[in-house]
Amino acid sequence: MVESRMYVTGGIGSVPIVEGFGSDFKLNNYSSYSETCAAIGNMLWNWRMTQITADAKYADLIEKLMYNGMLVGPSLDGSTYMYNNPLASKGKEERRDWYLVACCPSNIARTISSIEKFIYSVSEQTIWVHQYIGSKATFSFNKDNQITINQDSKFPWGGQVKISLDMSSNQNFSLQIRIPEWRYDTRIIINGDAVVGEFKPGTYHKITREWKNQDTIEIYFVMEPTLLFDDPRVKVNKGRVSIFRGPLIYCLEQLDNKSFDVLKAVFAEDPDIKTNYDPNLLGGINIIEGKLRNGKIFRAIPYFAWLNRGPNKMAIWHKIAKK
Ligand SMILES: [Zn+2]
């Protein structure tokens, strides 16, 4: 499923008529079904796989689904919904208030209101940090001493995370910290001292020590805008790239790119992509700008934020000039 039948957004279900899987690597962008519910079902499945296997690839996929395949479903104000989530649009799609088959709106409501269950889990003397979401959670390995974790996170706009511990007395336990597979560089600092070690992407990094009240763990995952080529077996994306930064997949929406057709855009050989935070656009987002082959500047927004300013052309995969 992940290697051959999943879109870059985490979306699954490439055949609208059956709302289901098609053949391997047949991933049409315009007709992608990628139902919001399928993304949520996939999160639930991968949460069970996380707990059974402790393999970080499942929590990595949950992160991708959460910020892309699922979050694109509702509008930013939460009042309208998409059922299928294409990866390219000729401008006909629109979110609606409600559906006769209303699975997606209700699934979104229950998933967002219970998102905390994907953040942590516990095994023997170990707390696992799976997702970087601002939160406060309490654990106890023995009934006399509770551990409260306060997490402050800049995700998805920045990779800074600060975790602090509240305990009544010192305790020996392990923290397992997920190092996302997309990361460039990672630094972990405990009480001001850098942790020496290799932080392998797509794994958990284990730290065992006697923790004290008010200990702090600062984590820095470097996020850089990056171009991604698809698997060459996906024919519709041949010679095309998508853009991601940290956990977010980006798209070009026509409204932000009035001087050219986003469905026909060709990126420069080296588009020189850069990130800027725009506090006034779509509730405050990081935009990514770069160069087309013809010298014009393109502007990309996170995929989840598209279609909040009326129907509009959109594309995730773009042609790029050959080297
Ligand atoms: Zn649904």
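Modeller: Contact here means heavy atoms within 4.5 Å. Keep in mind that this is a predicted model.

Biologist: Good. Which residues does T216 touch, leaving out residues up to four places away in sequence?

Modeller: T216 touches K162, I163, S164, I189, I190 and N191.

Biologist: Where is T216 found? And is T216 buried or exposed?

Modeller: T216 is in strand 11, residues 216-221. Its relative accessibility is 18%, so T216 counts as buried. The cut-off for buried is under 20%.

Biologist: New topic. What coordinates the zinc ion?

Modeller: E35 does, through OE. C37, C103 and C104 do too, each through SG. The distances run from 2.1 to 2.2 Å.

Biologist: Why is the arrangement around the zinc ion called tetrahedral?

Modeller: Because the four donor atoms subtend angles of 95 to 126°. To count as tetrahedral, all angles must lie between 85 and 135 degrees.

Biologist: What spacing do the zinc donors follow along the chain?

Modeller: The spacing is E-x1-C-x65-C-C.

Biologist: Are E35 and C37 buried or exposed?

Modeller: Both E35 and C37 are buried.

Biologist: Let's look at helix 3. Which of its residues are buried?

Modeller: Helix 3 covers residues 103-112. Its buried residues are C104, P105, N107, I108 and T111. C104 is also one of the zinc donors.

Biologist: Where do those buried residues fall, seen down the axis of helix 3?

Modeller: They fall within an arc of 165°, so they line one face of the helix.

Biologist: And what covers them?

Modeller: Helix 1 and helix 2 are among the parts that cover the buried residues of helix 3.

Biologist: On to aromatics. How many aromatic pairs are there?

Modeller: The count is 14. Take Y33 and Y83 as one of them. Their ring centres are 6.3 Å apart and their planes meet at 65°, so this pair is edge-to-face.

Biologist: Which parts of the chain does the Y33 and Y83 pair tie together?

Modeller: Y33 lies in the segment before helix 1 (36-53). Y83 lies in the loop between helix 2 (56-70) and strand 1 (88-89). So the pair ties together parts that are 50 residues apart in sequence.

Biologist: What about F267 and F298? Is that pair stacked or edge-to-face?

Modeller: F267 and F298 are stacked. The centres are 4.1 Å apart, with 5° between the planes. The pair links distant parts of the chain, 31 residues apart. F267 is in strand 15 (residues 266-267) and F298 is in strand 18 (residues 297-302).

Biologist: Are F267 and F298 buried or exposed?

Modeller: F267 is buried, with a relative accessible area of 0%. F298 counts as buried too, at 0% relative accessibility.

Biologist: Which residues form an aromatic cluster?

Modeller: Y132, F155, W182 and F221 form one.

Biologist: Which rings have a charged end sitting over them?

Modeller: Y30 is one, with the charged end of K90 4.8 Å from the ring centre. W211 is another, with the charged end of R209 5.2 Å from the ring centre.

Biologist: Last one. Where is P279, and is P279 buried or exposed?

Modeller: P279 is in the loop between strand 16 (274-278) and strand 17 (285-291). P279 is exposed, with a relative accessible area of 52%.

Biologist: How far apart are P279 and Q125 in space?

Modeller: They are 42 Å apart, C-alpha to C-alpha. In sequence, P279 and Q125 are 154 residues apart.

Conventions
Residues are numbered from 1 along each chain as its sequence is written. This is a predicted model: local features need pLDDT of at least 70, side-chain atom pairs count only at pLDDT 80 or more; totals for chains, interfaces and linings use all residues. Side-chain values use heavy atoms; hydrogens and water are left out. Rings of Phe, Tyr and Trp (its six-membered ring) pair if their centres lie within 6.5 Å; planes under 30 degrees apart count as stacked, over 60 as edge-to-face and the rest as tilted. Helices (H or I, at least four residues) and strands (E, at least two) are DSSP runs, numbered from the N terminus. Buried means under 20% relative accessible area, exposed over 50%, partly exposed in between (1.4 Å probe, protein chains only). A charge sits over a ring if NZ of Lys or CZ of Arg is within 6 Å of the ring centre and within 35 degrees of the ring normal. Donors are N, O and S atoms within 2.8 Å of the metal (3.2 Å for Na, K and Ca); water is not among the atoms, so sites may look incomplete. Four donors count as tetrahedral if all angles lie between 85 and 135 degrees; four count as square planar and six as octahedral if opposite donors are over 155 degrees apart and all others between 65 and 115; anything else is irregular. The arc is that of the directions from the helix axis to the C-beta atoms.
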